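Let's take a walk through a protein fold together. Have a look at the picture, then read on.

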Amino acid sequence: MEFDGSGWAEGRIELLPPSQGWSLLSPEPEARIDEHRWAHQARVFFGAELTLVQKKAYPSGSTPMADAVEVDVARTSSSSTSTPRATSRVLVMTVPLDRAPLVRAAAAAGVRAIGGCGFDALLARARRVWQVREPPIAGDDARAPLVVTAVLAAVLLAPVVPPGEETIFGVKGARERLQRLGW
């Protein structure tokens, strides 16, 4: 993937099938990536260090229609030693909801599977899909995509459609899954 001088992905962004990535449905229509906000949420609420590989700039306040970014994620070090933390790299992509009919269908199936539970209202307000590729594109921590997904769910107030499952959940569900995985 190539990126321009503002850090925006060049060329057409195509999401993966819902079975190959964690999909989030955001009510926000913009593809704005706020590294400081993402990193703060990761550090404070998920014990993770998060860094964008491609720095993003939004000249004149404009945003791209679709975008992608590689994100480095590692567990926050709990000691003051200089032991390097294991970092994994995750690919995040975003497109308008109307360009992601398979994700929308998977989200609707997830909502039906859990009997709505308020997620039907969240789905109705969705304007943009964010997707975190599964597995990581680099590194050994298989939990990294879920960590980034949990951070995005918190930042974007977006429900999550997990890969290969017929369900939908929010930040709490993502946090519970991370806890079960020992994060």
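## Before we start

This is a predicted model, where local features need pLDDT of at least 70, side-chain atom pairs count only at pLDDT 80 or more, and totals for chains, interfaces and linings use all residues. Residues are numbered from 1 along each chain as its sequence is written, and side-chain values use heavy atoms, with hydrogens and water left out.

## The sheet

Six strands make an open, antiparallel sheet, in the order 2-3-4-5-1-6. Strands (E, at least two residues) and helices (H or I, at least four) are DSSP runs, numbered from the N terminus, and two strands pair if DSSP finds at least two bridges between them. At the edges sit strand 2 (48-52) and strand 6 (160-161), each pairing on one side only.

Strand 2 is joined to strand 3 (residues 67-75) by five bridges; for instance, Leu52 has Val71 as its bridge partner.

## Strand 1, well covered

Strand 1 (residues 21-26) has six of its six residues buried, and buried means under 20% relative accessible area with a 1.4 Å probe, counting protein chains only. In a regular strand, side chains alternate between the two faces of the sheet. Here Gly21, Ser23 and Leu25 are on one side, with Trp22, Leu24 and Ser26 on the other.

Strand 1 also has antiparallel neighbours: six bridges tie it to strand 5, and two bridges to strand 6. Ser26 partners Arg128 in strand 5, while Ser23 partners Val161 in strand 6.

How values were computed
Buried means under 20% relative accessible area, exposed over 50%, partly exposed in between (1.4 Å probe, protein chains only).
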